[in-house]
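Open the model in your viewer and show the whole chain. This tour goes from the overall fold to a few side chains.

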Amino acid sequence: MDKKTKPLGRPRAAQGEMPLTQKILMTSIPLFLSRGYESVSMDDIAKECQVTKASVYYYYPSKSDLLTASMVQLMDNVRRVTLKRLSQPASLRERLLDITEAHLKAIDFDLHSFMRKMEATLSEEQMITMRKSEQGILDALEEEFSKSVSSGEIGPIDARVIARAYTSLLMMGHARDGNGNKMFPHESEAAKQIIDILWHGLFPPQ
């Protein structure tokens, strides 16, 4: 087949519209996160996108493939935003506060818990793909912690360990009590508490 020839049956997007692959991903992410993987069908996603179910299956052969692609897209977006905010001219603490509050406002779910639940559903290859995207976020944080150690802004630490400690603490911002109420009423308060724990409890005094 000529490489320039499009596969038969390829869904067409109207001129000027978001590519259908992206539209499907951007639609499926909030559905999976709000309803849960098991409660969302490919038909639900097709209806939300206002396309046929066949169009969704054309790009994503199974629901697990779509979930994997959706989570990779989400984590890649988080990485880009994290890098952008880390590049701002402010102290490390101020930048971490900014990143933490922005993350909690944008993502209202526990990423680590969600991925653990998916281990029983996704293949090992799919889980590895998702973990690689998550590692991109950790690598960005680790590099910034290393720079701050080198500049003397913070004391000597294992940047790899602290990067993971920070992302684990981020999940505390989504914690709820026994009645289902959020532990922190506002993202700004959650961010302050998380960074205070990280700063005073993990970074050794200089």
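Start with the whole protein, coloured by accessibility if you can. It has 206 residues, and 40% of them count as buried; buried means under 20% relative accessible area, exposed over 50%, and partly exposed in between (1.4 Å probe, protein chains only). This is a predicted model: local features need pLDDT of at least 70, side-chain atom pairs count only at pLDDT 80 or more, and totals for chains, interfaces and linings use all residues. Residues are numbered from 1 along each chain as its sequence is written, and side-chain values use heavy atoms, leaving out hydrogens and water.

Switch to cartoon view. You will find nine helices and zero strands; these are DSSP runs, with helices (H or I) of at least four residues and strands (E) of at least two, numbered from the N terminus.

Now show contacts, meaning heavy atoms within 4.5 Å. Among contacts with a separation of 6 or more, 69% join residues 24 or more positions apart.

The protein exposes about 12,000 Å², by the Shrake-Rupley method with a 1.4 Å probe. Carbon and sulfur atoms supply 51% of that area.

Next, the rings. Ring centres of Phe, Tyr and Trp (its six-membered ring) within 6.5 Å make a pair; planes under 30 degrees apart are stacked, over 60 edge-to-face, the rest tilted. The count comes to two aromatic pairs. Select Tyr58 and Tyr59: they pair edge-to-face, 4.9 Å centre to centre, with 85° between the planes. Tyr58 is partly exposed at 30% relative accessible area. Tyr59 is partly exposed too, at 22%.

Last stop: Lys63 and Tyr37. The charged end of Lys63 sits over the ring of Tyr37, 4.4 Å from its centre. The rule asks for NZ of Lys or CZ of Arg within 6 Å of the ring centre and within 35 degrees of the ring normal.
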